Each structure stands twice: as C-alpha cells, then as structure tokens.
Amino acid sequence: MTADAPGGLRDVLRLAAGHRGPIAATVALTLGASALGLAQPLVAREVIEAAGAGRAVWRGAAALVALFAAQALVQALVRFQLARTGEGIVLGVRLDLIDRLLRLRMPAYDRHRVGDLISRTDADTFALRQIVAGGLTDAVTGTVGLAATIALMLWLDWTLFACVAAIVLTAGAALAAALRGMRAASLRGRRATGEMAADLERALSAIRTVKAARAEAREGERIGGRARAAHAAGVRTARFDALVAPATELAVTGSFLLVLLVGGARVAGGAGTVADLVAFLLYMLYLTGPLGALFESLSVVQQGTGAAHRITEALALPQETGEDPAQSADASPADGCALALEFRDVWFGYRRSRPVLRGVSFEVPRRGQVALIGPSGAGKSTIFALAERFYDPDRGEVLLDGLAAGAASRSRHRAGIGLVEQECPILDGTLRDNLAYAAPHAADDEIREVIAMTNLTGLVARLPHGLDTPVGEHGRELSGGERQRMAIARALLPRPRLLLLDEPTSHLDLESELALHRTLDEVARRCALLVIAHRFATVRAAARVIVLDRGEIVASGAHADLMKTCSYYRGIATARPREHAPAHR
C-alpha cells in the first residue's frame, strides 16, 4: 500500500496541528526575510540610476547594507525557530505514540511486531521532524517568495519573464515525474526499516537461544535481508531525489543564461536599460532561493510522507478505553458475593472462526485454591487473559466479585487481580523497582513481608545493595527460580482479591517449592487463587481441579474425587511421574 500525495500531506498536517502557532511564527519570519531580500534589487536599481545621473549613492549603498544585515539576522532566527519547532513536534508525536502504544488493545499487539512499533517512535518521527522543520516551511515560504519575485519580474519585463517561465516549466515537469516514484519508494524503505528493527529485537531478546542454536549466521542473513531491502528502497529514493538538483540547476542557471543573452541583446539594441536588466538579473539570483526551496521541500515532503503515514497508522490503532462515565465510579464488589471469579458460558476465539473456549463455566470462591490443568492449547492461558480483560469474550460473561467485567473500567477491574506469568518478565531496574511495580507506594515493611513469604530473604541479603541492586535487563542477574519468586512477590504486594499463577513452581528447587506451597496455603486463606498447574503437587493442594480439553471443561472436582470418577483425569495423573514432573499441558 502506498500513501498518495494528498493523503500523505494530510497526515503531516494532522500531526503538526498542535504547533500551528510556532509554525506560523516561523513562516512569518521567513516571509520577513524574503521581503528584505526582495527589496534589495529595487534599491540596487535606484543606486545604478543615481550613479548614472551623477547623484550621491551613499544613502542607497547604506540601505543595501542595512537590508542585507537585517535579512541575515532574521534568517538566523528562522533557523533556530525551525529547529525548535521540529523538536517540539517530534516530542509531541513521540509522547502521543508512547501513550498509544502502551494502551493498545491486545489484538493490536498480536498483529504487529514490537520492533516495528518501536521504530515508529524513532526513525519515523525523525523523518517527520525533517518534513516540518524544512519541507512544509520551505514549501510555504518558497511559494510566497516565488510569487512575489514573479510579480516583480513581470513588472520589470514580461518578455524576459516568459523566457524564465519556459525553462522553469520544463524543469518542473522533470521534477513531477521524480516525485511520483519517490513517494512509493520512501514508504517501502520505512516499512523495511521497521521490519529490520523488529527482526533485530526478536534476535537480541532471545540471544542465548540464538547462540546455543548456532543461529547467528541465519539471523544475520534474515536481518541483513531486511537491511538490504531498506537499502534498495533508499537507493531508489536517492535515484529520484538526484533529479531534484539538476531540475533546480536547469530552472535557475538555464534561465539566468537565457535572460543574460536575451536581455543583453535588448539593451544593446536600445530596447531596455542597464538598470532594469541588472534589477531583473538580481531577481533571477534571488529566484534561486525560493525556487530551490520549493523544489527541495517537495522532495523532502515526498520522502517523509511514508513516515507520516506509518505514524498516523500507529496512532489509529485501537486502544483500551479509560474510565467510562457510564461506569459507576464507586463500582465495588457485590455485597455478600461468595465468588471472586465466575465464567458463565464463555465462548472466545482469537479468530472468531476458530473458538479457543467453548461454553466454559466455572466458579472460583473468595478463599481457597483452584487448579486448571489440561493439554497444550486447551485454553488455560486464554482463561487468564479473559479474567484480566486483555480480551473480551465473544459470548457469555466474566464476573469479578459478582460484577460483570464491563461494570468497571479495565484499570479498576485489574486492580483487584494479581498475575504471575509463566515467563516471569522482570523489568530493567532495581529489585525494589520490580517488587513494587504494581504498588509503587508500598512501605518497606510490606515489601519485607512478601520477600519473606516468597523465600527471597537470602537473595536480598546476598546482593551488594540489597533491594536497591540493579537486576539487569530481563533480570539477567538472577536465576530462573529467583525471577519466578520475584514475580510472585510482585503479584502479592498489592494484596489482590484474586491471584492468577501460571505454574508458580516450574523453575523452583525442592526447598523453594515446599516453601512456596506453604505461602500459597497461607495466601489462599485470605484471597482466591487460580493456578495453572503443571505439577501434581500443586494440583493435590487445590481444593478444586478444573480439567480443560479443546476449550471445554471435561471434569471438575477435588483431586481425590477425580481420580475415582474421571478416567481422563486419571490418565493424565498416572501418565507422569508423581513428584516434580509437569502435568500434561
């Protein structure tokens, strides 16, 4: 897909809409500089005529110097204002993109690669700055300056102007042909750059796996292919851009030579004056500025419309809604409700044609532990995603504390839930930053309590700066078990009413696992636990077990009862070693 010229320009104008004041001030200053420049040939004409008549020329010469100095000063202000305006627009767009990308609906993350989204806040916004700081302003001022110059040249000598117009129109036709190809090449280059960033992020985020699989060469070839595609698009853009300078040279130098020949011949024949010819030639020299600026701005804008299109595309991605006035501001758990979580005939599919959950109904009481087990793809993680309102069900209802999920904002809904993912993502920062991520104002006593509950006391004592020790990107300074315990402590700190744990013991040694089971028993006495269980030690600890298969609940009950009454469950249980072996996911 390519961005058409009017659409691309509309994207640019929309992104710059909040900065009309600074842009208008910049245009006004540039027009002022143009006016000062336009006055100089007229003053020079008067000086020449005065010299020819034997009058004093010092006043005119002083006026020329003053005009030149004033123009230089204003142009310096314009350059600064352009840079500041461009930086302001980039900041505003980046802040909008950051806010949008952090609040997208989950399906948007599923459809787009993270590295490509990130590149839109970096490379694409840089291209946008070039459009605004140079392209748009040059286009406006170049057009106005060109119009004023043309008017004065027509006033001086319309015959010479006709010569200039013929050359400029020829150059303009060549430029128009280049711009058509430049637009498409620019968008292809931007997309290839985004794909390169996404592939590089993919490889670096799993660099240990890449090295262990000896896949550096394969990844290098994959990413290099994206880089070569970006290079090819860049070369194609440069090929079209290379026509801009010759077109400008043809328009300016060619017309200057033609005017010099025709005008000189007319002066020699007595059809014109030297003063008029000099003034016209000075306007020809002045024409270089607005004409070159106009041609260059068209090139810059066409090269940047691809970036503007990608930014606009990202800003249009659907995001999760904030607080809805129609939702009760004081929505709170229903009085007397004995259930922390309830699914009522829930159907859901990441694609509607392929449902992942089929009529799922179950209840999680306010206290106690419920385990979810089943083979891979059964829908266990999808249940967690719906409970957190990362997605909404296609049919049926999800209730938290007796309230339908839509009765409160997503933020308020999630405030009552703690989530421990199987990957246990750890953020770059200190141990304290990670533990208090969901409760940034937690007191030290509260932090120490969850540290003790998750058997992290020894780790904190070992670290050189205790809680203020950096854990590295993705927690690389910690072991797998330590990362898992930290994720559990982070989820416990806000004291959620419902705690969702995706196999909390998968990376733990025996001692830590036993300690964690004691912790979960204690937590289950004060809040609800829903656990995706891979180990039957965890399953046996649950008051109730829900067995999923192909998106349906095939059995439900206590472990001992299911062993007697459900052959499917009994087959899963007996197919694995009894201790510290993962259940069939």
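Begin by selecting Phe536, a buried residue with a relative accessible area of 5%; buried means under 20% relative accessible area, exposed over 50% and partly exposed in between, with a 1.4 Å probe and protein chains only. The model is predicted: local features need pLDDT of at least 70, side-chain atom pairs count only at pLDDT 80 or more, and totals for chains, interfaces and linings use all residues. Residues are numbered from 1 along each chain as its sequence is written, and side-chain values use heavy atoms, with hydrogens and water left out.

Phe536 belongs to helix H19 (residues 536-541); helices (H or I, at least four residues) and strands (E, at least two) are DSSP runs, numbered from the N terminus.

**The aromatic cluster**

Next, select Phe348, Tyr350 and Tyr391, which ring pairs link into a cluster. Rings of Phe, Tyr and Trp (its six-membered ring) pair if their centres lie within 6.5 Å; planes under 30 degrees apart count as stacked, over 60 as edge-to-face and the rest as tilted. The whole structure holds four aromatic pairs by this search. The rings of Phe348 and Tyr350 have centres 5.0 Å apart and planes at 80°, so this pair is edge-to-face. Phe348 is buried, at 4% relative accessible area, whereas Tyr350 is partly exposed, at 45%. Tyr350 also pairs edge-to-face with Tyr391, with 5.2 Å from centre to centre and 85° between the planes. Tyr350 lies in the loop between strand S1 (339-348) and strand S2 (357-365), and Tyr391 in the loop between helix H12 (380-387) and strand S4 (395-400), so the pair ties together parts that are 41 residues apart in sequence. Tyr391 is buried, with a relative accessible area of 11%.

Then display Trp347 and Arg395: Arg395 lies over the face of Trp347, 4.5 Å from the ring centre. A charge sits over a ring if NZ of Lys or CZ of Arg is within 6 Å of the ring centre and within 35 degrees of the ring normal.

**Positive phi angles**

Most residues other than glycine have a negative phi. Select Asp345 in strand S1, where phi is positive at about 50° although the residue is not a glycine. Asp345 is partly exposed, with a relative accessible area of 41%. Move on to Asn455, in the loop between H15 and helix H16 (457-462); its phi, near 60°, is likewise positive in a residue other than glycine. Asn455 is partly exposed, at 32% relative accessible area.

**The cavity**

Which residues line the largest cavity? Select Glu446, Glu449, Val450, Leu492, Leu493, Arg495 and Arg526. Helix H15 (residues 444-453) supplies the largest share of this lining, three residues. By class, three lining residues are nonpolar, none polar and four charged. The volume is about 40 Å³, and the search of the whole structure finds one cavity of 30 Å³ or more. A cavity is a set of points on a 1 Å grid over the protein atoms alone where a 1.4 Å probe fits but cannot get out, and lining residues have an atom within 4 Å of a point.

**Helix H2**

Finally, select helix H2 (residues 20-53): at 1.5 Å a residue, its 34 residues should span 50 Å, which agrees with end C-alpha atoms 50 Å apart. The expected span is 1.5 Å times one less than the number of residues. After H2 comes Gly54, with a positive phi near 80°.

Notes: 1 Å grid on protein atoms, 1.4 Å probe; cavity = no way out; pocket = protein on both sides within 12 Å on 5 of 7 lines; lining within 4 Å. Points joined across faces, edges and corners; volume = space filled by probe spheres on them. Nonpolar A, V, L, I, M, F, W, Y, C, P; charged D, E, K, R; others polar.
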